[in-house]
Amino acid sequence: MARFSTIALATSLLVASVSAWAPGAPSSFAVGRMSSIQRPTALAMALDYNDPVVAEQYAAVQPMSFEEVEEELMMSGIRAPPTMNEMEVKFMLVEMRMRIAGVMPNSSKKEKPKSFSSKFEEAMWTKPAFEEYYNSLKGDHNAQNVVSEYVNDPVLAETRYGKTYKPVIRKIKAALSAALPVKSATLTFSGFPANMGEMGCKMTLEALGPLVEFECVESDDFPILTGKVTFEDIETAKKAVAQYNGMDMGMGSALELVSA
């Protein structure tokens, strides 16, 4: 991985983009952060700035104002340390976007977190249609900001962007409510209350149709049941997803049933 001593790449990107955009007057807070170019933090060091994918992502973030960058980070539950200057905060946003999209160079398969830092992160993990729509907006950071803000606070987003971004908000709603694809008769599930017990969980799912296989265990982290179930046919599996996926069981998170 290239050390940040190769800051020539970032510098060249900055210089090349000067003629392409005219930054507004930065806030006094942003000026304070920009007063010196420091060595990046450990977070930024996780990226190789010689990687074309990283360079492309940075070029997309570069025209954004400091306030826009900070707001997008906050929408995902990430607060930039006050010791960071503007360049470092932009690098942080680059890494966050790449991690969410699962395109970090040399990264292993994404592992679903045990808990989510924001509703936006949860939607990216649990709503395939939403993730696909968000990723389709690549390069349009304004629309992506609207998407993340809407998921975290729909009322505020409707107030701010209801007129200007009406088509985007309509597509967000459609993506969030889209049915999950069911590819087989086997589903994994998570979120049934642990006090139902294995038998209670099995009976609940069996009420939809005969089961071929069923297994479940209590989570080590939360008082919920997780497991796998196989119905006799895919139509029953689709019915289970339609009826239970996303249902609030009062355990702090919604039920999740997805194709195995």
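How many disulfides does the structure hold? Zero, counting a disulfide as a pair of cysteine sulfur atoms within 2.5 Å.

Hi everyone, a quick word on the ground rules. This is a predicted model, where local features need pLDDT of at least 70, side-chain atom pairs count only at pLDDT 80 or more, and totals for chains, interfaces and linings use all residues. Residues are numbered from 1 along each chain as its sequence is written, and side-chain values use heavy atoms, with hydrogens and water left out.

Now the strands, which are DSSP E runs of at least two residues, while helices are H or I runs of at least four. β2, residues 211-218, runs antiparallel to β3, residues 224-231, with seven bridges joining them; pairing takes at least two DSSP bridges. The two form a hairpin with five residues between them, and E218 sits opposite L225 in β3.

Last, a helix pair. α4 (residues 66-75) packs against α8 (residues 141-152) at about 35 degrees, axes 9 Å apart. The axes are lines fitted to C-alpha atoms over the stretch in contact, and angles between N-to-C directions run from 0 to 180 degrees. With contact meaning heavy atoms within 4.5 Å, E68, E71, E72 and M75 of α4 meet residues of α8 including H141, N145 and E149. Thanks, all!
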